[in-house]
Amino acid sequence: MIEIYYHPLSFPSLAPVFTAEAAGIEYATKLVDLSKGEQSSAEYLAVNPFGKVPALKDEDFALAESASIMRYMARKNQSELYPEGIHAQAKVDQWMDYIHHHIRTNIGKVHFNRSLAPMFGAEVDEKSLSDGLRFLANNFPAIEDCLSQQPYLCGDVMTLADIALVAALEPIDISKIDISEYPALTRWLADRRGETFYTNVHSHYGAELGM
Ligand SMILES: N[C@@H](CCC(=O)N[C@@H](CS)C(=O)NCC(=O)O)C(=O)O
């Protein structure tokens with residue numbers, strides 16, 4: 001059975017977990033306790049040499065990087081989440097890249113400075129915080145525009161791109177990132193969070209740790 005090494009507060013980790021749920025793939029999660037530095041243990045580095053979560057093990061095959069893991073699982077199971085065809089897959093890839101570089105990275109900046117730094121006594125970087133908020137304001141409109149015209153990022157059916165976006169948006173509540181000025185995105189997120197691929201994992205981000 002596929003094993004997904006993860007931490008529940010790591011939103012990159014949640015993307016492959018949501019993918020496995022949405023694709024109906026049997027999987028087990030293995031907690032990597034980042035607070036204890038388990039990501040740097042020799043045992044874990046043998047699975048993910050980058051020392052980060054998530055990682056996947058499928059028998060003897062090990063893989064790092066959330067987007068690569070998502071594609072691997074979808075391809076292996078011929079899931080419609082990564083529809084066949086060079087153009088269809090390129091569009092999914094396009095949105096996954098956009099979400100990774102322009103949404104997830106900037107949510108990470110805001111989340112770190114508003115939630116994680118105070119939680120762990122780290123220094124808040126005000127410039128990084130304001131950059132994150134500014135870049136999000138620049139990049140959310142493209143998503144709003146897309147979702148106001150069609151039900152999912154790549155058209156009429158859910159794909160890996162949508163799952164990547166759900167995972168990227170996980171910390172917005174705890175880190176008070178307001179998306180209410182984007183009504184299509186707000187509605188879309190509420191709908192996705194009501195689906196079993198999400199509710200089978202948790203009720204909300206941080207629920208596993210009583211947050
Ligand atoms: N590009 C990677 C990012 C993974 C990542 O940054 N994971 C963080 C948790 S969100 C991590 O493991 N940090 C531990 C460390 O850097 O020591 C992916 O998408 O899988």
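Is Glu 65 buried, partly exposed or exposed?

**Before you click**

You're looking at a predicted model, where local features need pLDDT of at least 70, side-chain atom pairs count only at pLDDT 80 or more, and totals for chains, interfaces and linings use all residues. Residue numbers start from 1 along each chain as its sequence is written.

**Whole chain**

Start with a cartoon view. The chain has eight helices and four strands, where helices (H or I, at least four residues) and strands (E, at least two) are DSSP runs numbered from the N terminus. Trace them from the N terminus and you get β-α-β-α-β-β-α-α-α-α-α-α. The radius of gyration is 17 Å, close to the 17 Å that the globule rule gives for 211 residues, so the chain is as compact as a globular protein of that length. (That radius is taken over C-alpha atoms, and the rule is 2.2 Å times the number of residues to the power 0.38.) Switch to the C-alpha trace and its principal axes span about 45 × 45 × 30 Å.

Buried residues make up 35% of the 211 in the chain. Here, buried means that 20 or more other C-beta atoms lie within 10 Å of a residue's own, exposed means 12 or fewer, and partly exposed is in between, with C-beta atoms placed from the backbone.

**Two domains**

Colour 2-79 as domain 1 and 86-199 as domain 2; these bounds come from an automatic or database domain assignment. Their C-alpha centres lie 20 Å apart. The contact between them takes eleven residues from domain 1 and 13 residues from domain 2, a contact being two C-beta atoms, placed from the backbone, within 7 Å.

Now look at the domain 1 side. α1 and α3 are the elements that give two or more residues to it, and α1 gives the most, with seven. By class, this side has eight nonpolar, one polar and two charged residues. For the classes, Ala, Val, Leu, Ile, Met, Phe, Trp, Tyr, Cys and Pro count as nonpolar, Asp, Glu, Lys and Arg as charged, and the others, Gly among them, as polar.

**The core**

Next, select Phe 18, Leu 160, Ile 163 and Ala 164: these have the most contacts inside the largest nonpolar core, which has 42 residues. Such a core is a set of buried Ala, Val, Leu, Ile, Met, Phe, Trp, Tyr and Cys residues joined through C-beta atoms within 7 Å. Elements that each supply at least two residues include β1 (2-6), α1 (11-23), α4 (86-120) and α6 (160-168).

**Around the ligand**

Move to the ligand and select Ser 10, Pro 12, Leu 34, Gln 39, Gly 51, Lys 52, Val 53, Pro 54, Glu 65 and Ser 66, the residues around it. The shell divides into four nonpolar, four polar and two charged residues.

Pick Gln 39, in the loop between β2 (27-31) and α2. With 20 C-beta neighbours inside 10 Å, Gln 39 counts as buried. Not counting residues up to four places away in sequence, Gln 39 touches Val 32, Leu 34, Tyr 44, Gly 51, Lys 52 and Val 53.

Then zoom in on the backbone from Val 53 to Pro 54: the peptide bond is cis, with omega near 5°. Pro 54 is found in the loop between α2 (42-45) and β3.

Back to the opening question. Glu 65 lies in the loop between β4 (61-64) and α3, and with 18 C-beta neighbours inside 10 Å, Glu 65 counts as partly exposed. Check the backbone there too: phi of Glu 65 is near 75°, a positive value in a residue other than glycine.

**Last stop**

Finish at Lys 176, in the loop between α6 and α7. Phi of Lys 176 is near 50°, a positive value in a residue other than glycine. With 11 C-beta neighbours inside 10 Å, Lys 176 counts as exposed.

Technical notes
Near = placed C-beta within 6 Å.
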